[in-house]
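Please look at the sequence and the structure shown below, and keep both in view while reading. The report takes a few parts of the chain in turn.

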Amino acid sequence: MPSDNPLLRPRAVALGMAAALAMSVAPGAVAGADPPPRAQAITAISRFVSSRSSAVAAPAARDTHRVVDPPAAMERDVIWDGLAGQGQRDEPQPTTRQQIAARCAAPADPNLLRNGADADGRGLCVRSVEQARTDVAAAAIVEGFELLGIPYSRSRRGQEGYDDCSSFVGRAFREAGNPLSDSDWEPSSSVMRNAAWADIVEDPLPGDILWRSGHVAMALADGYQMHTGTPGDVSHVRSMGRYRKVLAVDADG
């Protein structure tokens with residue numbers, strides 16, 4: 001059967017030529033005499049065929065051992081497996097403080113953010129959470145933002161939908177999971193001043209309680225506070241007011 005390899009076709013042609021010449025050699029050639037011209041031609045053709053056969057066989061042998069590049073997907077899997085072994089494949093998990101800050105939202109009513117705070121309400125919440133003294137204080141800040149807009153009433157403090165200054169602050173901490181009293185009644189400003197959880201500190205951080213006689217507020221970042229204290233008004237954010245002491249809430253107190 002003829003070979004499909006085009007490089008082997010010259011060999012077949014040469015063999016055919018050699019056979020034809022062999023048949024035409026004079027039968028009476030004398031032994032030991034110089035080979036006739038046709039015999040010399042046959043010898044030359046045979047050597048040519050042998051050299052061509054070696055040249056054809058060599059590339060075929062190399063082709064059988066050709067290196068094949070691995071698919072890109074295989075290379076990618078190998079790389080990822082290596083990274084996973086080094087702990088670099090897993091994405092970092094958010095911290096507790098980052099999870100708290102993710103809950104920040106600016107109040108829908110811009111009138112609740114005063115003295116310039118309305119320019120970046122959510123940003124103020126996030127910065128306050130980031131700078132808070134403890135995670136408990138950070139959570140109370142987020143709850144306080146959600147309680148903005150509640151009408152002020154000292155006589156109805158503690159009732160649903162009303163707060164005075166201390167019940168507003170106390171409610172924020174209670175909603176954050178750290179009530180400032182053992183009862184459902186939020187402590188007054190005077191009780192907060194002498195509470196076991198109240199650590200007196202020099203400078204306020206967000207979430208600390210700003211205290212003066214008869215009033216409390218919660219400190220925020222950028223020189224702001226959230227509080228309520230005027231009949232006819234609601235709880236809101238404004239620039240930090242006067243205070244005499246700073247109470248840091250000790251979560252273990």
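## Helix α7

In this predicted model, helix α7 is mostly covered, since nine of its 11 residues are buried. These buried residues are C165, S166, S167, F168, V169, G170, R171, A172 and F173.

## The largest nonpolar core

The largest nonpolar core of the model holds 42 residues, and those with the most contacts inside it are V129, F145, I209 and V237. Several elements each supply at least two residues of this core, namely the helices α4 (96-101), α5 (121-131), α6 (135-146) and α7 (165-175), and the strands β2 (209-212), β3 (215-219), β4 (224-227) and β6 (245-249). Of these, α6 gives the most, with seven residues.

If its neighbours within four places in sequence are left aside, F145 is in contact with A105, P107, L113, G121, L124, C125, L220, M226 and V237. One of these partners, V237, is itself among the residues with the most contacts inside the core.

## The disulfide

A disulfide is a covalent bond between the sulfur atoms of two cysteines. How many disulfides does a search of the whole structure find? The search finds one, and this disulfide joins C104 to C125, with a distance of 2.2 Å from S to S. C104 lies in the loop between α4 and α5, whereas C125 lies in helix α5, so the pair ties together parts of the chain that are 21 residues apart in sequence.

The torsion about the S-S bond of C104 and C125 is about -70°, which means that the disulfide is left-handed. Both of these cysteines are buried, and C125 is also one of the residues in contact with F145.

## An exposed glycine

Is G158 buried or exposed? G158, which lies in the loop between α6 and α7, has a relative accessible area of 51% and is therefore exposed, as the cut-off for this word is over 50%. Along the sequence G158 and D184 are 26 residues apart, while in space they are 8.5 Å apart, taken from C-alpha to C-alpha.

How values were computed. Residues are numbered from 1 along each chain as its sequence is written. This is a predicted model: local features need pLDDT of at least 70, side-chain atom pairs count only at pLDDT 80 or more; totals for chains, interfaces and linings use all residues. Side-chain values use heavy atoms; hydrogens and water are left out. A nonpolar core is a set of buried Ala, Val, Leu, Ile, Met, Phe, Trp, Tyr and Cys residues joined through side-chain atoms within 4.5 Å. Buried means under 20% relative accessible area, exposed over 50%, partly exposed in between (1.4 Å probe, protein chains only). Helices (H or I, at least four residues) and strands (E, at least two) are DSSP runs, numbered from the N terminus. Contact means heavy atoms within 4.5 Å. A disulfide is a pair of cysteine sulfur atoms within 2.5 Å.
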